[in-house]
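Welcome! Here is a guided look at one protein chain, from its surface to its inside. Keep the picture at hand as you read.

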Amino acid sequence: MNRCMEVQSRISDYIEGNIPPEELEEFLSHIESCEECREELNIYYTIYLGLLQLDHEEKDIKELNDLDGALAEELYQSELQVKRRHFFQGLRYVIYTVAFWCILLSVLLEARILFDAGIL
């Protein structure tokens, strides 16, 4: 229950795109597994889109006919963002590992050259 209260307090941050990427995955995971929090998100999202519709011209805002579809698309895009973040973190790890081994190999080769030349 404590986790639900924490997630529900972050719903408006999610809708406005203000949840840090490192917290987004945990938020989405909870929303996906907790029906109560997902329903709360659905309510907030409906209100958010309704208020936007009142403030702007109709052509600028998503249609209110398919709110569930709009929210599903928003959640899908957020999940893609999390997957991209994981991919680039893994890629960065691979690049750092390859760079480390290249530097180590260069140092060892340089030491061998110096050893063969009699400098070491």
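This is a predicted model: local features need pLDDT of at least 70, side-chain atom pairs count only at pLDDT 80 or more; totals for chains, interfaces and linings use all residues.

Of the chain's 120 residues, 22% count as buried.

What is the chain built from? Among contacts between residues at least 6 apart in sequence, 56% join residues at least 24 apart.

Let us start with helix α3, which covers residues 21–33. Its 13 residues reach 19 Å from the first C-alpha to the last, close to the 18 Å expected at 1.5 Å a residue. Which residues of α3 are buried? They are Leu24, Phe27, Leu28, His30 and Ile31. Looking down the axis of α3, you would find these buried residues within an arc of 165°, so they line one face of the helix. The face turned away from that buried side carries the exposed residues Glu22, Glu32 and Ser33.

Helix α4 comes next in our tour, with 21 residues (35–55). Its end C-alpha atoms are 30 Å apart, which agrees with the 30 Å that it should span at 1.5 Å a residue. In α4, the buried residues are Cys37, Leu41, Asn42, Tyr45, Leu49 and Gln53. Around the axis they cover an arc of only 145°, which puts them on the same side of α4. On the face of α4 turned away from its buried side you can find the exposed residues Leu54 and Asp55.

**The nonpolar core**

In soluble globular proteins, nonpolar side chains tend to be buried together. In this chain, the largest nonpolar core has 19 residues. Which members touch the most other members? They are Tyr14, Phe27, Leu28, Ile31, Leu41 and Leu75. Two or more residues of this core come from each of α1 (2–9), α2 (11–15), α3, α4 and α5 (67–116).

Leaving aside residues up to four places away in sequence, Tyr14 touches Ile19, Leu24, Phe27, Leu28, Leu41, Glu74, Leu75 and Ser78.

**Aromatic rings in pairs**

How many aromatic pairs are there? The count comes to three. In one of them, the rings of Tyr14 and Phe27 have their centres 5.1 Å apart and their planes at 25°, so the pair is stacked. This pair links distant parts of the chain, since Tyr14 sits in helix α2 and Phe27 in helix α3, 13 residues apart. The rings of Phe100 and Trp101 also pair: with centres 5.2 Å apart and planes at 75°, they are edge-to-face.

Are the residues of these two pairs buried or exposed? The table gives the answer for each.

| Residue | Relative accessibility | Counts as |
|---|---|---|
| Tyr14 | 4% | buried |
| Phe27 | 4% | buried |
| Phe100 | 47% | partly exposed |
| Trp101 | 52% | exposed |

Trp101 counts as exposed because its 52% is over the 50% cut-off. Phe100, at 47%, counts as partly exposed. Tyr14 and Phe27 are both buried, and both are among the core members that touch the most others.

Terms used
Residues are numbered from 1 along each chain as its sequence is written. Side-chain values use heavy atoms; hydrogens and water are left out. Helices (H or I, at least four residues) and strands (E, at least two) are DSSP runs, numbered from the N terminus. The expected span of a helix is 1.5 Å times one less than its number of residues. Buried means under 20% relative accessible area, exposed over 50%, partly exposed in between (1.4 Å probe, protein chains only). The arc is that of the directions from the helix axis to the C-beta atoms. A nonpolar core is a set of buried Ala, Val, Leu, Ile, Met, Phe, Trp, Tyr and Cys residues joined through side-chain atoms within 4.5 Å. Contact means heavy atoms within 4.5 Å. Rings of Phe, Tyr and Trp (its six-membered ring) pair if their centres lie within 6.5 Å; planes under 30 degrees apart count as stacked, over 60 as edge-to-face and the rest as tilted.
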